[in-house]
Amino acid sequence: MVGAATCGRAAGALTVLEAVRQTVQRLGLPAEVREVGCLGHCYAEPLLVVAKPGWPMVAYGYVDEGVAGRIVEDFLVNDDPCIEFALAALEPNDLIPTFADFARGAYEQKVVLDQCGLIDPQNIDHYLATGGYGALARALAQQPEAVLEEVMRSGLRGRGGAGFPTGRKWQACREASGEVKYLICNADEGDPGAFMDRTILESNPHLLLEGMIIAAYAIGATQGYIYVRAEYPLAVQRISTAIEQARVRGLLGKDILGSGFNFDMVVFQGSGAFVCGEETALIASLEGEPGLPRVRPPFPAQSGLWGSPTVINNVKTLSYVPHIISKGADWFRSLGSEQSPGTAIFALAGKVVNTGLAEVPMSTTLRQLIFDVGSGIANGRQFKAVQIGGPSGGCLPEEVLDTPIDFDSLRQAGAMMGSGGLVVLDQDDCMVEIARFFLDFTRQESCGKCTFCRLGTEQMVRILERITRGQGQEEDLDLLENLARSVQAGSLCNLGRTAPNPVLSTLRYFRHEYEAHIKEKRCPALMCQDLIAYYILPDKCERSCDACVGSCPVEAIASNADRIKVIDQAKCVKCDSCRVACPPQYSAVVKLSPPEAVPGGGGEK
């Protein structure tokens with residue numbers, strides 16, 4: 001099995017897949033080569049998993065075509081499992097440690113991701129062999145009200161960000177008057193650093209389909225839509241294939257499994273507008289209109305797509321439904337916390353050692369997720385903050401890392417659950433610049449309908465830009481906070497209401513960095529270009545080394561009479577090439593802030 005989701009392909013998985021196929025063919029081995037999805041360990045891509053009778057299933061990481069060929073030959077022919085290349089075993093054994101033997105295994109509990117990376121997402125029989133569509137058969141044997149009641153009892157809350165109780169939304173739609181009702185899956189995943197929904201679509205699309213069919217049965221819908229951004233071509237292809245396979249097997253269309261229930265669905269490709277993740281804007285886009293949010297009420301459950309009752313749920317929300325129907329509401333409530341039952345799926349990105357996907361029970365702390373599941377901060381740097389909840393989330397410092405991960409606790413801490421994106425920041429990240437970066441994203445993605453969102457975010461970005469250039473004023477901090485509160489209060493949709501969160505959370509927890517930029521014209525993290533200068537330490541510079549000279553694209557570095565390298569500050573474009581090129585045994589190139597800290601003056605050689 002070769003992990004060939006988007007993350008694997010970006011790392012070279014298709015080359016590995018071809019190498020495995022060629023080796024199997026060359027040796028004439030009775031082996032099946034599967035193209036599978038993502039196992040969640042994206043940091044170790046490309047991933048290869050070998051299942052051989054009489055041996056534990058073994059996952060290998062960082063595999064290239066040469067290593068892949070060797071593993072196939074040595075393991076399948078010579079019974080040598082190549083432990084030196086093994087990441088972990090997937091089954092208990094006495095030879096190779098399993099993922100459960102590592103710190104990550106103490107917290108990770110896969111429900112939605114359980115079969116991702118192990119089954120062929122393009123083969124419906126693989127899903128059926130794991131019990132797939134059994135929950136659907138069970139649901140169709142009950143009355144729709146009973147299915148709805150089970151989801152209500154489970155306490156499942158929407159995993160798209162808001163955390164609204166799923167059962168209540170379904171109930172409102174079922175009780176709404178209307179001859180036609182619709183179900184929409186929101187797969188418009190637009191948060192920077194988030195790839196949870198994409199992975200499910202690419203790795204186990206039939207799980208989502210089964211959840212959608214059960215949801216449609218419970219609310220009385222006959223037509224469904226999967227709204228997915230066109231930037232996810234592999235996800236679009238795999239979910240489209242799954243839909244066709246389900247139709248052929250009588251799992252979609254008319255009289256599903258002989259129950260008399262009719263339901264079908266189509267894939268709708270969005271153009272990538274972040275605001276279309278908001279449900280009323282998504283509906284407008286489906287109707288062929290500009291993706292602009294609408295006033296609520298009426299809520300979509302009463303009047304949604306083409307004026308008919310409509311339920312919109314996230315990919316992850318719907319993917320939990322088959323498990324709830326199969327194992328029961330009590331089982332689901334046994335995971336997580338009282339108010340936020342179940343598990344949560346996170347995309348670990350940024351300055352964390354083990355990037356990728358992790359599914360942990362709600363109430364797991366941020367510290368456990370980052371330092372145990374994610375193995376801590378990369379390159380031996382110090383943790384500074386975690387940005388959780390997407391671009392509209394908050395930046396939380398180390399003192400709140402023991403906050404349990406659930407909808408309510410994160411909101412109290414100044415952040416939000418969001419869809420599950422989590423970006424880890426280290427000591428080299430400037431929190432003023434981080435706030436500017438995320439706010440600039442939401443500013444660009446604003447649809448412009450609301451004055452507060454359209455103009456308020458623009459003015460806030462301008463203030464932040466001034467501060468990062470060392471041109472901020474002390475009164476800017478109060479102005480920023482007032483603007484942020486106004487944008488929150490005056491915006492129609494959650495994009496505008498949550499856009500100021502990065503600013504408010506960084507002002508709350510990292511105000512000292514703002515003050516350093518304003519009062520001292522200094523960037524403590526040495527990140528803001530206008531507030532730093534590069535300098536070569538004379539006592540560390542090796543006279544015989546010219547690495548920095550050759551790396552400079554503007555020829556700003558030259559040797560003085562003593563063969564010590566000197567940077568012409570007037571020419572320097574602060575590209576960081578010299579610092580990267582300087583051999584680690586010297587580490588002679590440093591950044592200083594403010595620029596005037598350079599000996600001899602920031603504007604001189």
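Of the 605 residues in the protein, 57% are buried. The model is a predicted one. The chain folds into 24 helices and 18 strands.

The overall dimensions can be read in two ways. Along the principal axes, the C-alpha atoms fill a box of roughly 90 × 70 × 40 Å. The radius of gyration is 27 Å, which agrees with the value near 25 Å that a compact globule of 605 residues would have. Contacts within the chain can be sorted by sequence separation: among those with a separation of 6 or more, 69% are between residues 24 or more positions apart.

The surface comes next. The protein exposes about 23,900 Å², and carbon and sulfur atoms supply 49% of that area.

The aromatic rings give a more local view. Two rings of Phe, Tyr or Trp are taken as a pair if their centres lie within 6.5 Å, and by this rule the count comes to 13 aromatic pairs. One of them joins F274 and F441, with 5.1 Å from centre to centre and 75 degrees between the planes. Planes over 60 degrees apart count as edge-to-face, and the pair of F274 and F441 is of this kind. F274 sits in the loop between β8 (264–270) and α12 (279–286), while F441 belongs to helix α17 (residues 431–445), so the pair ties together parts that are 167 residues apart in sequence. F274 has a relative accessible area of 13% and is therefore buried, the limit for this class being under 20%.

A second pair is formed by Y320 and F332. Their ring centres are 5.6 Å apart and their planes stand at 70 degrees, so this pair too is edge-to-face. Y320 lies in helix α13 (residues 315–327) and F332 in helix α14 (residues 329–333); the two residues are 12 positions apart, and the pair links distant parts of the chain. Both partners are shielded from the surface by the same cut-off of 20%: Y320 counts as buried because its relative accessibility is 1%, and F332 is buried because its relative accessible area is 0%.

Y182, Y225 and W306 are linked by ring pairs into a cluster.

Note on methods:
Residues are numbered from 1 along each chain as its sequence is written. This is a predicted model: local features need pLDDT of at least 70, side-chain atom pairs count only at pLDDT 80 or more; totals for chains, interfaces and linings use all residues. Side-chain values use heavy atoms; hydrogens and water are left out. Rings of Phe, Tyr and Trp (its six-membered ring) pair if their centres lie within 6.5 Å; planes under 30 degrees apart count as stacked, over 60 as edge-to-face and the rest as tilted. Helices (H or I, at least four residues) and strands (E, at least two) are DSSP runs, numbered from the N terminus. Buried means under 20% relative accessible area, exposed over 50%, partly exposed in between (1.4 Å probe, protein chains only). The radius of gyration is taken over C-alpha atoms; the globule rule is 2.2 Å times the number of residues to the power 0.38. Contact means heavy atoms within 4.5 Å. Accessible areas come from the Shrake-Rupley method with a 1.4 Å probe; for residues, only the protein chains shown count as cover.
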